[in-house]
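The structure is shown below.

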Amino acid sequence: MKQGLSLRVSQHLALTPQLQQSIRLLQLSTLELSQEVEQMLDENPFLEVSEEAAPREDFGLVQADTPVSQETREFESATDSIAVSADGVGATGQNDAEPSSEAKLEESWEGDGSVDIAPDDNEWGGDAAPRKNNHDDSEVDAADLARSHESLQDHLHRQALSLRLSDEGRAALHFLIESLNDDGYLEDSLAALAAGLAGDDLEQLDALVHEFTVALKLLQHMEPAGVGARNLAECLGLQLLDHKNCDETRAAIAMCQQPMELLARRDVKRLSQLCGFPDTVIKAAMALIARLDPKPGRRFVNVERNLIVPDVIVVKSGRGFKVSLNSDVMPRLRVHDIYANALKQNRGQNGQALQQRLQEARWFIKNIQQRFDTILRVSSAIVERQKNFFTHGELAMRPLVLREIADELGLHESTISRVTTAKYMNTPFGTFELKYFFGSALGTETGGNASSTAVRALIKQFVSSESLTKPLSDNQISEMLKEQGIECARRTVAKYREALRIAPANLRKSL
């Protein structure tokens with residue numbers, strides 16, 4: 001075999017640390033991004049928070065004249081290349097014979113100091129006003145309200161202060177209160193709770209069970225009614241004790257002592273036989289039970305976990321809509337001037353390591369800026385495609401898939417998927433996840449398409465206007481949709497109804 005030298009041109013993709021960070025930041029939610037920023041601020045001394053709009057620094061990069069910067073286009077192009085390569089279609093890259101700018105960036109990231117890359121590290125969101133501190137009583141932030149929300153345990157402990165108890169009784173009551181779950185139920189039995197404290201000491205076990213039994217009676221007489229119950233039937237029964245003594249209350253208490261399956265199926269005849277009340281009283285008792293709270297502790301759950309802060313805000317502007325980023329969720333970061341200047345003047349033994357940290361801070365700021373630029377572009381494209389929704393509501397939603405937005409912006413579907421996951425848009429009709437605006441298409445008699453989101457809204461409208469004595473079945477809803485020109489099978493109606501958490505017709509029927 002004869003050996004020789006040859007020059008070959010090929011394409012390959014170098015996944016640099018900067019690009020990995022860009023992709024990771026793009027798919028983070030607002031909360032996760034905030035945690036990432038806090039962690040970076042703790043680890044990197046060159047990064048600081050800018051409380052006010054800091055003067056923009058020039059690091060040598062020329063800004064593009066187009067609305068989208070050249071760095072953003074390079075980032076999106078590289079992101080799309082990764083997605084294409086992962087799909088096995090191919091990847092764009094560079095010539096092996098000559099080092100590219102991407103390779104030089106990676107060398108600089110590794111801190112050898114051979115290439116002085118100086119991206120623009122001005123703070124993102126510098127033109128926006130800083131977050132206001134709501135010291136005025138007339139303006140209360142939702143997060144502050146959530147943090148000041150009283151928990152179920154605190155509410156019960158406050159009531160326990162007014163009771164005259166022995167030290168053992170107060171300790172037993174405190175233990176039971178702390179053992180409640182978020183719904184206000186006591187999941188473990190008194191014997192199991194006592195066994196966990198007493199161990200093998202049978203005498204102490206009996207004493208603890210007695211103390212817990214007395215404390216449980218006190219707990220179950222506290223507010224909210226139904227707290228401290230071991231199961232749903234006991235919870236409903238405790239709440240019924242507060243109602244006036246009449247036939248329907250007694251019937252409701254008797255029904256709670258029967259299997260809950262009968263009540264769930266609304267088996268009036270069977271319950272009438274077991275409880276000994278006529279059908280009319282049983283129906284009235286069912287209506288009474290329906291007004292009770294099956295989870296009395298839920299109102300005290302900390303609402304901060306469910307607090308959604310929108311990333312994008314859409315408001316009416318003339319005949320169209322204005323799309324803007326929420327300045328409250330955009331980190332205001334910049335490179336620490338004093339440390340950066342000190343590093344330029346004094347390059348000692350640790351110069352390479354510090355240069356790497358400085359470069360890391362600059363790229364972190366730039367990647368955050370690219371993240372919000374991409375979110376804004378995708379959101380603007382969604383608003384443009386779904387103008388009818390922002391004017392008329394969800395009934396006017398049109399079919400939309402990720403590929404349409406990807407083709408319009410020149411991105412890959414995976415990039416659009418990352419952008420629309422766990423990102424939220426505030427609209428005149430409420431706050432929605434960006435994925436909400438995408439939906440499959442259902443055929444119509446005219447040959448057009450209807451959005452599945454609009455069909456679900458139509459189903460919800462049909463159900464809300466139905467007769468309470470004769471609720472609509474899935475077949476009837478399917479026929480009504482066909483009258484509207486929408487081809488929707490019964491099983492599809494059932495799937496959409498379950499997604500909307502609408503009960504079947506037999507459970508929606510008013511007795």
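**Confidence and overall composition**

The structure is a predicted model. Mean pLDDT over the protein chain is 78, with 77% of the residues at 70 or more. Among the elements, strand 5 (residues 424-427) has the highest mean pLDDT, 93, whereas helix 4 (residues 101-109) has the lowest, 43. In residues 53-69 the pLDDT is below 50, and this stretch has 30 contacts in the model beyond near neighbours in sequence. Residues 78-140 likewise stay under 50 in pLDDT, and for them the model has 125 contacts beyond four places in sequence. Where pLDDT is low, the predicted coordinates should not be read in detail.

The protein chain holds 23 helices and eight strands. It has 511 residues, of which 41% count as buried. Of the contacts between residues at least 6 apart in sequence, 67% join residues at least 24 apart.

An open sheet is formed by four strands in the order 3-2-5-6, with mixed pairing. Strand 3 (320-325) and strand 6 (430-433) lie at the edges, each pairing on one side only. From one strand to the next, the twist averages 25 degrees. The strand pairs are set out in the table.

| Strand pair | Direction | Bridges |
|---|---|---|
| Strand 2 and strand 3 | antiparallel | six |
| Strand 2 and strand 5 | parallel | two |
| Strand 5 and strand 6 | antiparallel | four |

Strand 2 (residues 312-317) forms a hairpin with strand 3, with two residues between them. Glycine 318, in the turn, has a positive phi of about 65 degrees. Across this pair, serine 317 stands opposite glycine 320 of strand 3, and lysine 316 stands opposite phenylalanine 321.

Methionine 425 of strand 5 has bridge partners in two strands: valine 312 and, in strand 6, phenylalanine 432. The covered face of strand 5 carries Met425 and Thr427, while Tyr424 and Asn426 lie on the uncovered face. A hairpin of two residues connects strand 5 to strand 6.

**Helix 19 and threonine 420**

Within helix 19 (residues 413-420), the buried residues are Thr415, Ile416, Arg418, Val419 and Thr420. Threonine 420 counts as buried because its relative accessibility is 0%. Leaving aside neighbours within four places in sequence, threonine 420 is in contact with Val378, Ile382, Leu402, Glu433, Leu434, Lys435 and Phe438. One of these partners, leucine 402, is 18 residues away along the chain, and its C-alpha atom is separated from that of threonine 420 by 9.4 Å. After helix 19 comes alanine 422, which has a positive phi near 60 degrees.

**Helix 6 and histidine 157**

Helix 6 (residues 152-160) contains histidine 157. The buried residues of this helix are Leu152, Gln153, His155, Leu156, His157 and Ala160. They pack against helix 7 (167-178) and helix 9 (202-219). Is histidine 157 buried or exposed? With a relative accessible area of 18%, histidine 157 is buried, the cut-off being under 20%. Beyond its neighbours within four places in sequence, histidine 157 is in contact with His174, Ile177 and Glu178.

**Helix 11 against helix 14**

Two packed helices are described by the angle between their axes and the distance between the axes. For helix 11 (residues 247-256) and helix 14 (residues 279-290), the axes come within 8 Å and cross at roughly 75 degrees. The two helices are therefore roughly perpendicular to each other, as angles of 65 to 115 degrees count as such.

On the side of helix 11, the contact is made by Asp247, Glu248, Thr249, Ala251, Ala252, Met255 and Cys256. Helix 14 contributes Val281, Ile282, Ala284, Ala285, Met286, Leu288 and Ile289. By class, the residues of this contact comprise eleven nonpolar, one polar and two charged.

Notes: Residues are numbered from 1 along each chain as its sequence is written. This is a predicted model: local features need pLDDT of at least 70, side-chain atom pairs count only at pLDDT 80 or more; totals for chains, interfaces and linings use all residues. Side-chain values use heavy atoms; hydrogens and water are left out. pLDDT is the predictor's confidence in each residue, from 0 to 100. Contact means heavy atoms within 4.5 Å. Axes are lines fitted to C-alpha atoms, for helices over the stretch in contact, and angles run from 0 to 180 degrees between N-to-C directions. Angles under 35 degrees count as roughly parallel, over 145 as roughly antiparallel, 65 to 115 as roughly perpendicular and the rest as oblique. Ala, Val, Leu, Ile, Met, Phe, Trp, Tyr, Cys and Pro count as nonpolar, Asp, Glu, Lys and Arg as charged, and the others, Gly among them, as polar. Buried means under 20% relative accessible area, exposed over 50%, partly exposed in between (1.4 Å probe, protein chains only). Two strands pair if DSSP finds at least two bridges between them.
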